[in-house]
Amino acid sequence: MKPVSCCHFFLPLSCLLAGAALLRGNPAQAEERWAVVVSDALAQDEAVKLALADVQEAGTACGLVFLPQDDAAWPDGNVLLVGGAESNVQSGRLAAAGVLDGEATNDDEGYTLQTVANNGQRVLCVAGGSPIGTAYGLYWIYDRLRVYRALPDLNGARLPALKVRVGAAWGRRGHGGNTKAQMRAALRMSLNWVAGPAVLDLVPWATEPENSTNAQHREDARGLIDYAHRLHMKYFSFANEFTFHPSLIQEQGAELSPCDPQFWGVVQEKFRKLFTALPELDGIELCNDDISGFWDNYRAYDLLHETPECEWSYEKRFRTFVQKVHEVVAGEFGKTYFHFTWGLSAHEQHVQPAVFREIFTQDIPTNNLYLVPKITQGDRWWHQAYNNTFNLTPHETIVCFEPMNYYEGGDSNIFPTFSGQYFQRGLQYLLAPSRGNVRGAATLANAPGDAWDTYGAYAYVLYRLMWDPNEDMRQIARDFCAIQFGPEAAETMAELYLMSPVAYKYGLHIEPISYGQFNSFLHMRVGTFPVEGFPTVDGGHEHVEFLREIYLRCDPWREETLEDLNHGAAVADQMIGKFHEARPSLQPTIAAEVEQRLNMTRLLLATNNAYVRLIFAYFDYLERDSGGKRVALQTAFDNLVAARDAFMRAPGYGYQLFGIDQFMLNAKAALDDVGAAKQALASAPDRVELEAAVARQQEQYKRVLAQYADKAVHFAHFEMLIDGQELLHIAGDKPRVEHLRWDGPLVREMKILQPLPKSSVTVIPKDLYSRPLHPFVLEQPSPENGFTVRIYLDDLPGGQDWFNCDLYYIPEPPEKLGLQPPWGFSTK
C-alpha cells in the first residue's frame, strides 16, 4: 500500500456532528462496542500498551467502548485489529482471504490503516512496520476519535516525513524525559528523542556534595532511560558550554583559555566522565552561546568570546570545540551529538552563512552529529527571515521550533498565538532543495501538553508537520479546535487561531524598527514593556534616548506604522466578533476564559498602540513646542493613561509596564514644563558616564573598607544568579529583591547576619564574585527612606552569572566617608 497524504483520512466535520451530538445526548443508547484484537507480544509492548489505553480513554469520551482480547479467536461486532498479518493471527487470516491488503510498510515507524466490511462487521486494521509504528497508528486513531467524537473510516499509509523528532532542552530541565508522564505525552506527539537531567547534574565530579548528589541523579536517570527505551525513544542530556565544576580545572591543571592544550583535555574529560558513568545515555545536546544553564557551585566560561589575549579566531574556537567533543561522544562512545547553533549575535554562526561554513568544514565529521539551528534567523519574534544556515554543509540538520509568542509570559492571559502557517512555509522552504540536509525537527518549549493555549497549539501543529509538512494548515487548525472545543465550534474557533499571528505581528511589533539588528522586537519582552538604563538614577534619560531612536526610524513611515498597529487591533476586534459566533457551541466555563483572553489581547494591543502614539507626540513636542503640539501630546498622554488603566483593571492582568510607566513620567514632565524637562534630560548622565561613576564609587568602597576595617560590621551576605537587573532592598533584618529586567533572579543564599541599624550608617558592598557592572549602592539608608539600603545588581548582556557579595556598614554618614551616591538628584 503506497503512502498517501493524511488528508485522505479526513471526513468533513459536518458529516459527523449529528451522530456525535446524539452520542453525547444519550450515551447509554448510543454506546458502540469494539473488540480490540491484539497478540500477547504486541500487548506487552510498552508503547502499544499506552497507545491502547489512550484509545480506550478517548473512545469512552465519545461513547465507544474498546475491549481488548488476544488474537486466538475471531470476535463478534466491530473489530479493531492491532498489527498486520505478521503479528496478528486474525489479520493474517483476513489477508489470506483477500479481505485485507497484506502489503506492509517497510518503515519501522510507519503504519497502514484499512477499514473493511467482513460478513456485516466493520473492521479496522492498524499495522505498523514495527511495534512503534503500530503504536503511532493507534495514536492516529486516538487523534481521529478526539477530532470527530466518533471513529471514521481510515484508509491509507502514513510515514513520518521527518525521521528525527526531538524534544529539545534548555537549562537544567529537559523537555519530555523527566517523568514517565512526560514521556507518555512525548509518545503521543511521536517524539523519538527526549531530554532528561542536565549534564552538570550527571557528571561524577571529584568533589562533595556534587559527587554523591550526581550519583543519585544517575541512578534516577537510569530508570528514566530504561523507560524511554521501552517506548522506543532515545534519551539525551543538555548543557550550555563551557560549564564546569572548578574541581575539573584543578584536576587537569588547565587554564580557561582555548590556547592552552590542557583546556581541551578538560572539555573532553567532562564528557568522558559522563558516558563512562552513565553508558545508558544515548547522546547529548550542547550550545555554546547564551550561557544560562549553570547553578550551585558550577561555573561558566564563554570559550568563544572570553580570554581575548588568546588570538584564536571565533571560528577556530567553535570548530575546535565541536571536533574535541565529537572525538569523545561519537568516536570513543558511539553516541549521538546534537549541537544547538543558537547565538545572540547577528554577525555569528546562527545568522551568517559564511561564518557557519567556516566553522563546519570538512574537518568536522558528519557521523553521529546533528546541527540544530532555529527556524528563525533571530529569536521568537515576528518580522523574522527564515534561517539561512540550513543546507550549507554535508552535516545533517534538525530544525528547531519555538512558540512565536515573545510577548507572552506565564501570567499574561492573552489569547494563544498560532504559529502554524509560519512554521509550515518555513519547513517547506528548508526541505525544498533536492540535496538538502534537513533530517528532523526539534520542539523547544515545555513538555508537550494538551491544552488550548499557545503551547498546546504549538505541540499539535508540530506533531502534524513532522508527519506531513504539506498538510492543509486550515485542516490542522480545525482538528486542533475540534479536540479542544468540540466539533461544533471547531470551524469558527480555527478562524480565531489562524488570525492570531496577524493580530500580534501587526498590533505589537513596530515594523520600521524590526530590521537592521538581531532583535526585531525591541520594545517588549516576555510579559514586559522593559525600561532602558537606570531610571532611578538617570531620570529616564537612556529610555528616552531609546525611544528617540524608535521615533527617528519610524517617523518617515509614520502613517504606515500606525496603519499596521491599527490593522492588528482591527484583527483582534474581528476575533472577538468570531468568538461570539462560536460561543453558543462552547462550554460556559471555556467560553468565559476565551472571552477574557480575547479581551486581554485587545487591551494589550490598545496599550501598545497608545504607547507608540505617545512616542510620536512626545518627540514632536520636544522638537517644536508649539501650542498645537502640546495639545497633541496631552491627547496622546490621556489616551495612554486610559488604555493603561483599562488594561491593568482587566481580570487576569499579568503584565509589567516598566517602560510605559517611565515614559509617562517623562511625558508628564514635558507637559508641565517642557524647558525644564529638556534641561533635566540634557544634564542627566548617560550610560557611559554612569558606568564610570559606578566604577569610581566601587574603587572608593575598597579604600574606605580597608581604612575603617576595625569599625566595619559585616551584616549581610547574598548569592544570586542574575540575568539582567535587580534591586536588593534591606531594611532592618528584612531583605527584598525587586526584579527589574530580563529573566528573574535565582537566590541561592540571602543571610542577614544582623539587622541594619535605624541610624545614619554607610553601607559598602564587598564584591566576592560577579561580572560587570558589579554591585553598587543606589541609595544609602536615611530617615527619608526608612533607613533602607538599595543595592543595584546589573549583569551586562550575554547570558547570566553569579553575584556573590558581602555587605558591611560603617557607623558614619556617607557624606563623611565620601560615599554619598554620585547621582545628581534624589533616587526616590
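C400 counts as buried, at 1% relative accessibility, where buried means under 20% relative accessible area, exposed means over 50%, and partly exposed is in between (1.4 Å probe, protein chains only). The model is predicted, so that local features need pLDDT of at least 70 and side-chain atom pairs count only at pLDDT 80 or more, while totals for chains, interfaces and linings use all residues. Residues are numbered from 1 along each chain as its sequence is written, and side-chain values use heavy atoms, with hydrogens and water left out. The points below cover cysteines, salt bridges, a helix pair and backbone geometry.

**Cysteines and the disulfide**

- The structure holds one disulfide, a term that stands for a pair of cysteine sulfur atoms within 2.5 Å.
- C259 and C310 are the cysteines joined in this way, with an S to S distance of 2.1 Å, and the torsion about their S-S bond is about 85 degrees, so the disulfide is right-handed.
- The bond links distant parts of the chain, 51 residues apart, since C259 is in the loop between α9 (246-252) and α10 (261-277) and C310 is in the loop between β12 (299-300) and α11 (314-332); helices (H or I, at least four residues) and strands (E, at least two) are DSSP runs, numbered from the N terminus.

**Salt bridges**

- The count comes to 48 salt bridges, each being a side-chain nitrogen of Lys or Arg within 4 Å of a carboxyl oxygen of Asp or Glu.
- D54 forms a salt bridge with R184, and the closest N and O atoms of the pair are 2.9 Å apart; D54 lies in helix α4 (residues 46-61) and R184 in helix α7 (residues 180-188), so that distant parts of the chain, 130 residues apart, are linked.
- Within this pair D54 is buried, with a relative accessible area of 1%, while R184 is partly exposed, with a relative accessible area of 24%.
- The side chains of D479 and R464 meet in a salt bridge at 3.0 Å, N to O, and because D479 lies in helix α15 (residues 473-485) and R464 in helix α14 (residues 454-467), the pair ties together parts that are 15 residues apart in sequence.
- D479 counts as buried at 0% relative accessibility, and R464 likewise counts as buried at 0%.
- D479 and R464 also belong to a network of salt bridges in which they are linked with D143, R144 and E471.
- D794 and R687 meet through their side chains in a salt bridge of 2.8 Å, N to O, which links distant parts of the chain, with D794 in strand β23 (residues 788-794) and R687 in helix α24 (residues 687-707), 107 residues apart.
- D794 is buried, its relative accessible area being 2%.

**Packing of α18 and α20**

- Helix α18 (residues 541-554) and helix α20 (residues 588-623) pack at an angle of about 95 degrees, with their axes 10 Å apart; axes are lines fitted to C-alpha atoms, for helices over the stretch in contact, and angles run from 0 to 180 degrees between N-to-C directions.
- That angle makes α18 roughly perpendicular to α20, given that angles under 35 degrees count as roughly parallel, over 145 as roughly antiparallel, 65 to 115 as roughly perpendicular and the rest as oblique.
- From α18, the residues H543, V544, L547, R548, Y551 and C554 meet Y611, I615, F616, Y618, F619, D620 and E623 of α20, where contact means heavy atoms within 4.5 Å.
- The residues of this contact divide into nine nonpolar, one polar and three charged, with Ala, Val, Leu, Ile, Met, Phe, Trp, Tyr, Cys and Pro counted as nonpolar, Asp, Glu, Lys and Arg as charged, and the others, Gly among them, as polar.

**Backbone geometry**

- Most residues other than glycine have a negative phi, and most peptide bonds are trans.
- The peptide bond from E208 to P209 is cis, with omega near 10 degrees, and P209 is placed in the loop between β8 (193-195) and α8 (210-230).
- The peptide bond from E241 to F242 is cis, with omega near 15 degrees, and F242 is found in the loop between β9 (234-240) and β10 (243-244).
- N119 has a positive phi, near 55 degrees; N119 sits in the loop between β4 (111-118) and β5 (121-128) and is exposed, with a relative accessible area of 74%.
- N368 has a positive phi, near 55 degrees; N368 sits in the loop between α12 (353-359) and β14 (369-372) and is partly exposed, with a relative accessible area of 31%.
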